[in-house]
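Hi,

Here is the structure I promised to pass on. Have a look at it first, and then read my notes below.

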Amino acid sequence: MAEPMLVVNNLKKYFKTPGGMLHAVDDISFTLEQGKTLGLVGESGCGKSTTGRVLLRLLDSTGGTMRFEGQDITNIQGAALRKLRRKMQIIFQDPFSSIDPRKTVSQTIREPITTNNIITGKAEVENRVLELMEMVGLTSRLTNTYPHELDGGRRQRIGIARAMAMEPRFIVCDEPVSALDVSIQAQILNLLKDLQRSNGLTYIFITHDLAVVHNFSDEIAVMYLGQIVEKSPTEELFKNPMHPYTKALLSAIPIPEYGHKKERIILKGEITSPISPKNECRFQSRCEHAFDKCRSECPPLVEITPGHLVACYLVK
């Protein structure tokens with residue numbers, strides 16, 4: 001059996017603040033198989049993007065271990081880290097702020113190729129740029145166009161082409177469609193799927209929108225205040241959500257059907273502070289089912305059914 005692309009154990013990322021240590025990512029573990037997509041979902045501020053940046057070594061972890069293709073990458077530095085960057089890339093949320101406005105489309109895509117000496121000949125580089133543009137659906141007439149002259153969908157295609165220029169094996173997609181119109185979202189998601197099939201890519205897809213991730217991910221991990229509270233194959237999660245927070249998220253998905261009435265779960269109560277949190281369920285202050293044990297001990301993430309893990313004392 002092939003080794004998983006990514007194995008994460010007890011990963012932590014804390015930030016020092018005047019009030020104490022902010023637990024942005026707090027003891028999460030998961031495995032991601034090659035060629036698969038893991039959707040990482042949750043509210044803004046739950047630690048999704050921080051998790052992605054730690055996995056790519058854009059941020060150093062506070063604790064835990066990460067293995068990529070069998071190699072421990074938790075603390076690698078220097079030349080080993082630069083070599084790793086060719087295999088791991090990121091597609092950012094805002095396609096305008098993540099691109100240098102002073103560079104044309106071709107210059108933006110060319111930069112990682114020449115900086116990393118992936119191709120050295122000038123003609124070969126230009127051919128590769130045109131090939132990448134065609135790969136992501138950008139016409140060659142846009143080579144000398146600047147980002148401000150393009151719409152959001154085309155800008156995001158530039159970001160995807162720039163990531164693909166490194167010939168990566170693993171890509172973190174950090175809310176890549178949240179800033180786009182709905183019709184453009186579908187085009188970008190289809191493009192990412194096509195690239196995955198043709199290049200054998202492995203994705204972590206970060207989003208706050210479960211409706212978007214439903215048809216894109218093989219598995220979904222739900223995060224709440226730095227912790228994974230539920231992880232399951234996608235269809236299983238939608239058919240049989242177990243954690244109260246997951247149920248609330250799913251209830252917020254609109255159904256485009258006239259006359260259809262859906263019971264919405266409205267969360268009440270104060271959000272627990274992520275700064276030096278107590279040893280308790282972090283969702284208990286907003287959970288109508290919470291009882292004494294929830295307020296005195298943080299529930300572990302346990303496997304309830306094959307492949308379906310939940311961190312909740314209500315689930316047995």
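What percentage of the residues of the chain count as buried? Of the 316 residues, it comes out at 48%. Bear in mind that this is a predicted model, so everything here is computed from its atoms.

First, the overall picture. The chain has 9 helices and 12 strands. Along the principal axes, its C-alpha atoms fill a box of roughly 70 × 55 × 45 Å. The radius of gyration is 21 Å, which agrees with a compact globule, because one of 316 residues would have a value near 20 Å. As for the contacts in the chain with a separation of 6 or more, 62% of them are between residues 24 or more positions apart.

Now to the helix pair I went through, α3 (residues 105-115) and α5 (residues 152-164). Their axes come within 8 Å and cross at roughly 25 degrees. Since angles under 35 degrees count as roughly parallel, that makes α3 roughly parallel to α5. As for handedness, α3 passes α5 in a right-handed crossing.

Which residues make the contact? On the α3 side they are Val105, Thr108, Ile109 and Pro112, and α5 brings in Ile158, Ala161 and Arg162. Thr108 is the polar one, and Arg162 of α5 is the charged one.

That's what I have for now.

Cheers

Note on methods:
Residues are numbered from 1 along each chain as its sequence is written. This is a predicted model: local features need pLDDT of at least 70, side-chain atom pairs count only at pLDDT 80 or more; totals for chains, interfaces and linings use all residues. Side-chain values use heavy atoms; hydrogens and water are left out. Axes are lines fitted to C-alpha atoms, for helices over the stretch in contact, and angles run from 0 to 180 degrees between N-to-C directions. Helices (H or I, at least four residues) and strands (E, at least two) are DSSP runs, numbered from the N terminus. Angles under 35 degrees count as roughly parallel, over 145 as roughly antiparallel, 65 to 115 as roughly perpendicular and the rest as oblique. A crossing is left-handed if the near helix is turned anticlockwise from the far one by less than a right angle, and right-handed if clockwise. Contact means heavy atoms within 4.5 Å. The radius of gyration is taken over C-alpha atoms; the globule rule is 2.2 Å times the number of residues to the power 0.38. Buried means under 20% relative accessible area, exposed over 50%, partly exposed in between (1.4 Å probe, protein chains only).
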